[in-house]
Structures are given as C-alpha cells and as structure tokens.
Amino acid sequence: MINSVFDNTVKEYLENLDFTFHDPILGELNGTISEDEIVKALIELKPGKSPGPNEYVYVGCYKEDLDDRAIPISFGGQLPQDLTPEQTILNCASKIHRRNDAFEIFALMANRKCFSGLTAADTYAKHGPSNDCSISADGDLSSRSVFAFVKTSVTCQKEMMNLACDHGRIQILSATYGRGDGLGEECGDPTMEPAECFATDTLDIVKDLCDGEITCTKNTVMSVFGDPCNSAPKHLVVRYYCG
C-alpha cells in the first residue's frame, strides 16, 4: 500500500493512503519533513472510513524538557531508519493505537522515538511552541512533532450530538449536516430524494458551540442546523480532536 515518497507528490501520496488534506505541498519531498511542510500537509481521513490509527492530524511543534516531560511515555526504541517520514508517522500512530486506543495525542522526536500518554492532551504544550521539529536523524532532540487522533461523531436528525474529551479540549476539524456522504445509513431511507444535500454553515455553528469545550451536546434540530434536504432524513457528521 505504501509507495516511495520520492515517486509521488505529497498530494498523490496522501490520497493513496485514503487521506485528503488542506493546502497541498507542490513538488516532491527530499526524504525529510520540515515544520513548514508538515503544517501545509495537515491531514484528515476521508468520510466513511472506520476509526483507526490512520485518522490523525498534525497539531504542532512543541518544546520538550527531559526533566519534566510534557509527553511522558516512550514506546520502544527508535523506529526503523529506512522508513519514509510518512511511514514513520504512521508506524508511531499504529504502535500507540494498538497499545491503548484511549490515547489522544502522540509525538515523534528527531531520533524517531515515539511518545504518548493518557494525559498528553493536557500537557503537550506546557513548555511552549518550537520551530525546531524534525523526524530526521539530525534534528533537535529538545522538540517534538505532535499529532492527535481524530474522532468522528455521526448523529441522526433530532438526536443528541455528544462530543467529549477525557483530556484536552475539543478542537473541531470539520462538520457537515445533510445527506449523501456515505454515512448515516441508520438515520433513514437512503433512497429518498434529494440524494445529496448539505447545509452551508454547519462548521461555523459547531465551532461556536463546541470549540474549546470538554464536552458538547446539542440536539440536531431544524432550528439549529436548518433543513437543507426538504424533510428527507439527514445527519450531522463532526470530526474533531482533543488537544
């Protein structure tokens, strides 16, 4: 499934891994991912995929203090040196997810060591941001590239949306209200017309309601989200992370 990063642009490579992204990087990587390159390649899984270690988003570059660790638990030794940067990130995500799917944050240091912790979403930024992140062998060991696993909530019309973070706070990535995205089959007859319809301001509504909260509940009623589908069954899909 994983092709050489040198054979594809970042756009083509991430699409092969079932990812979409914001602001594609044009051109090819040279074997390492810089801070700017990671920021430009913020990723989120395409709709319809089941939860798993591939659903993550880049949070940022943060300082680390070895005497007062912001992200405390190291998972094994160095990851293999022959992996591409993207493979290294996916390898770390898979390792963390297999160990405990309650972990919300994971991080990589320049020596390709993988870190996480149950409370990391509360503490990852405690030493402040950094501009020195890299996952190449010669990077700065006092900083970490931090990622968060993405959560997906699907709520049928007139049911209660429930978003929650055990640690950290809700950070909304995307939100849609309507039908035709391949989700919400349990919410009503998928053959009804219109087959595809979406409200236009759902993301702004959900961000206003939930961004920065620990929990967020709201009834998905017409008075909040409107009716873009002429009374056909619809649903609310929200993707978010805790950080």
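**Close-up 1. Pairing of strands β10 and β11 in the predicted model.** Arg179 stands opposite Cys197 in β11. Strands β10 and β11 pair in the antiparallel sense over 2 bridges; two strands count as paired if DSSP finds at least two bridges between them. Strands (E, at least two residues) and helices (H or I, at least four residues) are DSSP runs, numbered from the N terminus. The structure is a predicted model, in which local features need pLDDT of at least 70, side-chain atom pairs count only at pLDDT 80 or more, and totals for chains, interfaces and linings use all residues. Residues are numbered from 1 along each chain as its sequence is written, and side-chain values use heavy atoms, with hydrogens and water left out.

**Close-up 2. The open sheet of 4 strands.** The strand order is β8-β13-β10-β11, with antiparallel pairing. At the edges stand β8 (151-156) and β11 (197-198), each with a single partner strand, so one side of each is left without a neighbour in the sheet. Strand β13 (residues 235-242) pairs with β8 over 6 bridges, and Thr152 has Arg239 of β13 as its bridge partner. Between β10 and β13 there are 8 bridges, also in the antiparallel sense; here Ile170 stands opposite Cys242. Of the 10 residues of β10, 7 are buried, where buried means under 20% relative accessible area, exposed over 50% and partly exposed in between (1.4 Å probe, protein chains only).

**Close-up 3. Helix α5 against the sheet.** Helix α5 (residues 202-210) lies across β10 (170-179) and β13, running at about 140° to β10; axes are lines fitted to C-alpha atoms, for helices over the stretch in contact, and angles run from 0 to 180 degrees between N-to-C directions. Thr202, Ile205, Val206 and Cys210 of α5 are buried. Seen down the axis of α5, the buried residues fall within an arc of 100°, taken from the directions from the helix axis to the C-beta atoms, so they line one face of the helix. Their cover includes β9 (160-164), β10, β12 (215-219), α6 (222-225) and β13. Gly212, which follows α5, has a positive phi near 85°.

**Close-up 4. Surroundings of His235.** His235 is found in strand β13 and counts as buried because its relative accessibility is 3%. A polar contact of 2.9 Å joins the side chains of His235 and Asp181; such a contact is a pair of N or O atoms within 3.5 Å, and within protein one must be able to donate a hydrogen and the other to accept it, while residues adjacent in sequence count only if both atoms are side-chain atoms. Not counting residues up to four places away in sequence, His235 touches residues including Val154, Cys156, Tyr177, Leu183 and Cys187, contact meaning heavy atoms within 4.5 Å.
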